[in-house]
Amino acid sequence: MNQENVSATRTIAAPAEAVFAVLADPTTHPTIDGTGWVQEPVDRARLGEVGQIFRMDMYHPDAQNGDYQVANEIQVIDPPRTIGWRTGYDPEGDGHLEFGGWSWRYDLVPLGPSTTAVTLTYDWSAVPQSVRDYLHFPPFGPDHLANSLRHLAELARETAA
């Protein structure tokens, strides 16, 4: 791990198209995450284009009242190879989104017709110092990305079956 991002890679016994289909479905994200922080999607439309916003209901015990909502904006999407988004929120509830400077990205490399290497990267290089002063990065333990990829592998194998 360096100062600005962390990543993990896993080989998944499923075609890249099946893995990508799971990632492009916001209803699978709570299971992929596995921490209990990602509760459920507000926007259930499949992810399909750069600029698309999908909101998720979240929970974290350190958040005010525990419950909050994030708005994720697709930054890159190239089926079935890459999908990534940055995370933001609507502080005033007026539809104007602010982004904190961190992003999630999945890179898929087919290793054969039914095997895919997936790299998950969490990047906080664009987080301003004012945010770093009160939030610790990364906000999760060292096993989180590997666990998320394990959950993704289970879902992708079910999808491919």
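Modeller: A strand here is a DSSP run of E with at least two residues, and strands are numbered from the N terminus. The model is predicted.

Biologist: With that in mind, in which strand is the place of Ala-117?

Modeller: Leaving out residues up to four places away in sequence, Ala-117 touches Arg-10, Thr-11, Asp-107, Leu-108, Val-109 and Leu-111. Ala-117 and Glu-4 are 113 residues apart in sequence, and their C-alpha atoms are 23 Å apart in space. The element that holds Ala-117 is strand S7.

Biologist: Is Ala-117 buried or exposed?

Modeller: The cut-off for buried is under 20% relative accessible area. Ala-117 has a relative accessible area of 14%, and therefore its class is buried.

Biologist: Which residues of the largest nonpolar core touch the most other members?

Modeller: In general, nonpolar side chains in soluble globular proteins tend to be buried together. In this model the elements that give two or more residues to the core include helix H1 (16–23), strand S5 (82–89), strand S6 (98–112) and helix H4 (144–160). Among the 40 residues of the core, those that touch the most other members are Val-19, Ile-83, Tyr-106, Tyr-122 and Leu-152.

Biologist: Which residue in S6 is the bridge partner of Ile-83?

Modeller: S5 and S6 run antiparallel and are joined by 7 bridges. S5 is largely enclosed by the rest of the structure, because 6 of its 8 residues are buried. The bridge partner of Ile-83 in S6 is Tyr-106.

Biologist: What is the volume of the largest pocket?

Modeller: Of the 44 residues that line this pocket, the closest to its centre are Met-58, Tyr-68, Val-70, Thr-87 and Trp-102. By class, the lining has 26 nonpolar, 12 polar and 6 charged residues. The volume of the largest pocket is about 1,200 Å³.

Biologist: At what relative accessibility does Thr-28 count as buried?

Modeller: Thr-28 is found in the loop between H1 and H2. Apart from neighbours within four places in sequence, Thr-28 is in contact with Val-22 and Leu-155. Thr-28 counts as buried because its relative accessibility is 13%.

Biologist: How many Å apart in space are Asp-25 and Ala-126, C-alpha to C-alpha?

Modeller: Asp-25 lies in the loop between H1 and H2, and Asp-25 counts as buried because its relative accessibility is 18%. Asp-25 and Ala-126 are 101 residues apart in sequence, and from C-alpha to C-alpha their separation in space is 26 Å.

How values were computed:
Residues are numbered from 1 along each chain as its sequence is written. This is a predicted model: local features need pLDDT of at least 70, side-chain atom pairs count only at pLDDT 80 or more; totals for chains, interfaces and linings use all residues. Side-chain values use heavy atoms; hydrogens and water are left out. A nonpolar core is a set of buried Ala, Val, Leu, Ile, Met, Phe, Trp, Tyr and Cys residues joined through side-chain atoms within 4.5 Å. Buried means under 20% relative accessible area, exposed over 50%, partly exposed in between (1.4 Å probe, protein chains only). Helices (H or I, at least four residues) and strands (E, at least two) are DSSP runs, numbered from the N terminus. On a 1 Å grid over the protein atoms alone, a cavity is a set of points where a 1.4 Å probe fits but cannot get out, and a pocket is an open set with protein on both sides within 12 Å along at least five of seven lines; lining residues have an atom within 4 Å of a point. Grid points are joined across faces, edges and corners, and a volume is the space filled by probe spheres set on the points. Ala, Val, Leu, Ile, Met, Phe, Trp, Tyr, Cys and Pro count as nonpolar, Asp, Glu, Lys and Arg as charged, and the others, Gly among them, as polar. Two strands pair if DSSP finds at least two bridges between them. Contact means heavy atoms within 4.5 Å.
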